[in-house]
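Try each one before you read its solution.

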Amino acid sequence: MLKIAFICLLIALLAWLLGFTSMAIIAAGIAKIIFFIALLFAFLFFILAFLVGRKLLNN
């Protein structure tokens with residue numbers, strides 16, 4: 001998922017360098033959304049792993 005966000009950022013940079021401002025803004029927005037979704041999944045899996053680890057170690 002982070003690879004897709006990085007590719008969108010590269011597309012945004014290339015579009016900005018070539019003068020396609022609206023396409024650069026759209027690609028950067030998509031990359032930002034994908035990045036925040038990836039951060040959310042990472043945070044949720046961290047919390048889940050923490051809770052499962054505590055449950056296993058307390059028994």
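Predicted model: local features only at pLDDT ≥ 70, side-chain atom pairs only at ≥ 80, totals over all residues.

**Exercise 1.** Work out how many helices and strands the protein has, and how its radius of gyration sits against that of a compact globule.

*Solution.* Start with the count: two helices and zero strands. Next, the size: the radius of gyration is 18 Å, whereas a compact globule of 59 residues would come out near 10 Å. The C-alpha trace spans about 60 × 15 × 10 Å along its principal axes. Finally, burial: 15% of the 59 residues are buried.

**Exercise 2.** Find out how helix 1 and helix 2 are oriented to each other, and which residue classes make up their contact.

*Solution.* Take the axes of helix 1 (residues 2-18) and helix 2 (residues 21-58): they come within 8 Å and cross at roughly 160°. Angles over 145 degrees count as roughly antiparallel, so helix 1 is roughly antiparallel to helix 2. The crossing of helix 1 past helix 2 is left-handed. Now list the contact: helix 1 brings residues including Leu2, Cys8 and Trp16, and helix 2 brings, among them, Met23, Ile30 and Phe35. Sorted by class, that contact has 18 nonpolar residues, no polar ones and no charged ones.

**Exercise 3.** Is Leu44 buried, partly exposed or exposed?

*Solution.* First locate Leu44: it belongs to helix 2. Its relative accessible area is 46%. Partly exposed covers the range between under 20% (buried) and over 50% (exposed), so Leu44 is partly exposed. As for distance, Leu44 and Met1 lie 43 residues apart in sequence and 15 Å apart in space, C-alpha to C-alpha.

Key: Residues numbered from 1 in each chain as written. Heavy atoms only, no water. Axes fitted to C-alpha atoms, helices over the stretch in contact; angles between N-to-C directions. Helix = DSSP H or I, 4+ residues; strand = E, 2+ residues; numbered from the N terminus. Parallel < 35°, antiparallel > 145°, perpendicular 65-115°, else oblique. Left-handed = near helix turned anticlockwise from the far one by under 90°. Contact = heavy atoms within 4.5 Å. Nonpolar A, V, L, I, M, F, W, Y, C, P; charged D, E, K, R; others polar. Buried < 20%, exposed > 50% of the residue type's maximum accessible area, 1.4 Å probe, protein only. Rg over C-alpha atoms; globule rule 2.2 N^0.38 Å.
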